[in-house]
Protein chains: 2
Amino acid sequence: VPGRSFALARAPIASTGRLQEAPAHQQLLKRHNLALVLGHLAGAPNLSRAQLAAGTGLTKATVSTLVCALVAAGLVVERDPARGLIGRPGSPLALNAEGPAGLGIEINVDYVSACVVDLTGTVRLRDKIVSDNRLVAPEAVLDRAAQAATRLVAKAEAAGLSVCGLGVGVPGLVDFDGVLHRAPNLRDWEGIAAAEVLRDLIDRPLRSVYCDNEANLAALGERWFALSEDTADFVFVSGEIGVGAGIVIGGQLFRGVRGLGGELGHVTVDPNGPRCSCGSRGCLEAVAGREALLASAGLALGGAGARGGTEELVSRAIVGEPETLVALNNAARAIGVALAAFLNVLDLPTVVLGGFYAELAPWLIGPVTDELAVRVVNSSWSSTEVVASSLGDQASVKGAAGITVRRIIDDPAELFPEVLGKT
Amino acid sequence: VPGRSFALARAPIASTGRLQEAPAHQQLLKRHNLALVLGHLAGAPNLSRAQLAAGTGLTKATVSTLVCALVAAGLVVERDPARGLIGRPGSPLALNAEGPAGLGIEINVDYVSACVVDLTGTVRLRDKIVSDNRLVAPEAVLDRAAQAATRLVAKAEAAGLSVCGLGVGVPGLVDFDGVLHRAPNLRDWEGIAAAEVLRDLIDRPLRSVYCDNEANLAALGERWFALSEDTADFVFVSGEIGVGAGIVIGGQLFRGVRGLGGELGHVTVDPNGPRCSCGSRGCLEAVAGREALLASAGLALGGAGARGGTEELVSRAIVGEPETLVALNNAARAIGVALAAFLNVLDLPTVVLGGFYAELAPWLIGPVTDELAVRVVNSSWSSTEVVASSLGDQASVKGAAGITVRRIIDDPAELFPEVLGKT
C-alpha cells in the first residue's frame with residue numbers, strides 16, 4: 001500500500017566494508033542508498049557528485065556507482081557542467097523531467113479530472129470533464145475517464161515522457177486493496193477496483209496502480225504540492241457534494257486501522273438532523289455538503305449546475321446578503337462540530353479546508369475556529385490552525401498523479417528494480 | 001515515552017560473525033537479542049536454553065550468554081531441572097516473579113488506587129481508598145496517594161520484590177512529558193507532573209516513572225491483563241464521572257499527534273445539549289457520564305456516594321424499571337454517537353466498555369451497537385464489536401503498574417543497562 005509505505009530515506013546505512021558475504025544485506029543497503037541519493041536530488045537539484053557525497057555521507061565512489069544506475073534507468077540526468085573560472089566543475093545532476101511520469105485520475109460526483117506529473121513534480125498536462133456522474137453507469141464513467149487518460153498519455157509520450165504509474169481518486173470508501181466499496185453519492189459503484197479497470201482500458205504497461213478515496217489523495221496533493229515541508233500533521237477537508245477528509249500524520253497518510261477511516265462527512269453533527277445519503281441522520285455532509293449548503297442559502301440548483309451555485313453563493317456573501325451569511329455561519333458551525341470530534345481523537349495542529357470550502361474560506365475559517373476553541377477539550381494547550389487549500393479542485397488529481405512520482409523517489413528500486421543491477 | 005516506544009522483538013538480527021569491529025552495531029544486536037529472549041520467556045515460561053535457542057533462532061552459545069546476563073540482573077531465574085527418565089534435562093528458565101516489580105497508582109475523581117505487579121504480570125498487592133477528591137487540594141490527594149504507595153512498596157519489599165518503576169494514571173489531559181494540563185472534574189490540577197511528585201514523596205530509587213491519562217492506562221491494562229493477544233486494535237471507553245478513551249493500534253497506545261488525543265468524553269453528541277465541565281455544550285460526558293446518567297435516571301446522589309447510585313441503577317435495570325431503562329437507552333445512544341465519530345476516523349474493529357459502563361453493559365451493548373451500525377459509514381464492510389471490560393475498576397491501575405513490567409520485557413537494557421555488560 002503505497003500511501004502507507006512511503007518512507008523517506010534520511011541517513012545512510014554505514015557500510016563496514018565487510019559485508020560482501022551478505023548479499024541480501026548489501027542489496028538492502030544499495031536500495032536504501034539509492035533512495036537516499038534520489039531523495040537528495042529531489043530536495044536540491046543540480047548537485048554535483050561531490051556535493052551529493054557530502055550531503056548524504058556516502059563516499060564519492062559509492063555515489064558515482066549509484067548515480068550511474070539511476071541515470072541508466074532514466075531517473076536522473078546529467079547536465080552540461082557550468083563553466084567555472086577555477087577548477088573543474090562537477091556535472092550537475094537532477095531528476096529527469098523527461099523521464100518516468102505519473103498519471104492521476106479523479107472521478108468525482110460531477111466531474112472527471114486527469115493530469116500527468118513528471119518526476120520533478122511539475123504538472124505537465126491536465127484535463128477536466130464536467131458531467132453529472134450520479135445517474136450514469138460506472139462503466140460509462142470509467143470509459144470516459146479512460147478516454148481522457150489515453151489522450152493525456154499519448155500527449156505525454158509525444159513530449160518524451162513515459163507514464164509508468166496510475167493513481168485514481170474516487171468519492172467513496174476504498175479499502176487497502178484499492179476496491180471501492182461504496183460511493184454514497186454515485187449509483188451502483190460497489191466492489192469496483194477502479195484503478196485496475198482503468199489500467200486495462202488505458203492498455204499501457206504500468207509499473208504501479210493505486211486507488212484511494214479522493215480526500216486521501218487530495219491530502220497527499222496538499223502535502224506534496226502546496227504545504228510547507230514541516231506541515232507533516234494535518235487533516236484535509238474535502239468539501240464537495242460529498243464531504244470527506246484525508247489525515248496525514250508524520251507526513252504519511254493515516255487511513256485508519258482497516259483503511260476505511262477519515263470519514264469526516266459522516267460524523268453526526270445533529271443526531272436528529274436531516275437524512276444523509278449513507279442512511280444515517282445529521283451527518284456533516286447532509287447538513288453542510290455543497291448541495292445542503294446551497295439549499296439552505298436558497299440556491300438549490302443541484303447536479304452539474306451546482307458549481308454555478310457556488311459562484312452565486314460567493315457573490316452574495318461578498319455583498320453581505322443576510323440569508324447567505326446565516327447559511328454559511330450554520331455550515332461553519334457544523335464543520336466545527338465534526339472537526340472537533342476529529343481533533344479530540346487525533347490532536348492535530350492543522351486543518352486545511354479544500355474543495356468548495358476553500359472558495360468559502362473567508363466566511364468559514366472564523367466560525368470554524370471559534371467552534372474548535374470551545375469543542376476541542378485540549379484547544380488551550382494544543383491549538384489548531386485552520387487554513388484554506390490553494391490547490392482548488394486540483395488537490396486530489398495532483399495527489400493521484402504524485403503517488404507514482406513519490407513511490408519512485410522514496411524507493412526507486414521498488415518500481416525500477418533494474419537500478420539494483422545484477423546481484 | 002514508553003507507551004509509544006514499546007516494540008516487541010520478534011526476529012533475531014542475524015550475526016554474520018564479522019561484526020566484532022563494529023561495537024555500536026554489536027551492542028544494538030545484543031540489546032535486541034536480550035529483548036528477544038526475555039520476550040520468549042514472557043510468552044512461554046519454563047523453557048530450557050535449547051528450547052529458547054530453537055524458538056528464537058539464536059545459537060545455544062548466544063542464548064547462554066544472554067541468559068547469564070538476565071539472571072545476573074535478577075530478571076530471569078533458573079529452576080531446578082525436572083527429573084526426566086531419559087537424557088539430561090535442561091534447567092527451566094522463567095521470568096523472576098520475586099525480582100523487579102512495577103508500582104501503579106490511579107488518582108481518579110472519587111478514589112485513589114494502587115497496586116504492585118511482578119515481572120510475570122501477576123498483581124501481588126493492591127489498595128483502594130474511596131474519597132471525593134474534587135474539592136481537595138492536589139497536594140493533599142498526592143500525599144494520600146504517596147502514603148498508600150509507600151505502604152505497598154514496604155509490603156512488596158518484605159515479600160522480596162524490588163519496586164523499580166512507577167506508573168500514574170490521572171483523570172485529565174496529560175502531555176508526552178507526563179504533565180497534567182487539566183482535569184475537568186478536579187479543582188486546581190493544572191501543570192502537575194504527578195509521577196515526578198509521587199517519585200519524590202515515595203523516596204525510593206526508581207528506574208522509570210510514567211504519567212498518563214487514566215483511560216490510556218486502562219486501555220493498556222486491558223491489552224496486557226484481559227484481552228486476547230490478537231486484539232491489538234481497539235478503543236477502551238472509560239466511563240466514570242469523566243468519560244475518556246484509550247486507543248490502541250497495533251498493540252501500541254495511540255495518543256494523537258501531540259499526545260492529547262483520545263478525548264471521547266468531549267465529543268459533541270448534541271450541539272445544544274447541557275453544559276459540560278470543560279466549557280463546551282453537549283459533550284458525551286455531560287450527557288452520559290456517571291453523574292449525568294444517574295441524574296437522568298432519577299438517582300442524583302453525586303460525589304463518593306455515586307458508586308452506591310450505580311448499584312441502585314443496576315438493581316432497577318434488572319427489574320425493568322421504565323425510567324431507568326429509558327435513561328440507559330438514551331445514554332447508550334449518546335455513547336453510540338460519540339463512538340461513531342471515533343470509528344469514522346479510526347476504523348477500529350473493537351470497542352471495550354470500561355468503568356461503570358462495564359457494569360451497565362447488558363443494557364448498553366445492544367443500543368450502542370445499533371447506533372454504530374447506522375452512524376459509522378463503513379459499518380457494512382468493517383463491523384465493530386462492542387464488549388465489556390472484565391477488569392472492573394482495576395484496568396487503569398493495572399495498566400499503570402504494567403507499564404514498568406512491559407518496558408523491562410520489551411527492552412531490558414533500557415532500565416537495566418547492566419545486562420549489556422562492559423563493552
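Author: In this predicted model, a residue is called buried when its relative accessible area is under 20%.

Reader: What makes Phe254(A) buried or exposed?

Author: Phe254(A) has a relative accessible area of 15%. The limit for a buried residue is under 20%, so Phe254(A) counts as buried. Phe254(B), at 15% relative accessibility, is buried by that rule too.

Reader: Why is the aromatic pair of Phe254(A) and Phe254(B) called stacked?

Author: Two rings pair if their centres lie within 6.5 Å, and planes under 30 degrees apart count as stacked. For Phe254(A) and Phe254(B) the values are 5.7 Å centre to centre and 10 degrees between the planes.

Reader: How do you know that the pair joins two chains?

Author: Phe254(A) belongs to strand β12 (residues 252-254) of chain A, while Phe254(B) belongs to strand β12 (residues 252-254) of chain B, so the pair joins two chains.

Reader: What shows which surface the copies meet through?

Author: Of the interface residues of chain B, 100% are also interface residues in chain A, so the copies meet through the same surface.

Reader: Where does the charged end of Lys128(B) sit?

Author: The charged end of Lys128(B) sits over the ring of Tyr111(B), 4.3 Å from the ring centre.

Note on methods:
Residues numbered from 1 in each chain as written. Chains lettered and ligands numbered in written order. Predicted model: local features only at pLDDT ≥ 70, side-chain atom pairs only at ≥ 80, totals over all residues. Heavy atoms only, no water. Phe/Tyr/Trp six-rings, centres within 6.5 Å; stacked < 30°, edge-to-face > 60°. Helix = DSSP H or I, 4+ residues; strand = E, 2+ residues; numbered from the N terminus. Buried < 20%, exposed > 50% of the residue type's maximum accessible area, 1.4 Å probe, protein only. Lys NZ or Arg CZ within 6 Å of the ring centre and 35° of its normal. Contact = heavy atoms within 4.5 Å.
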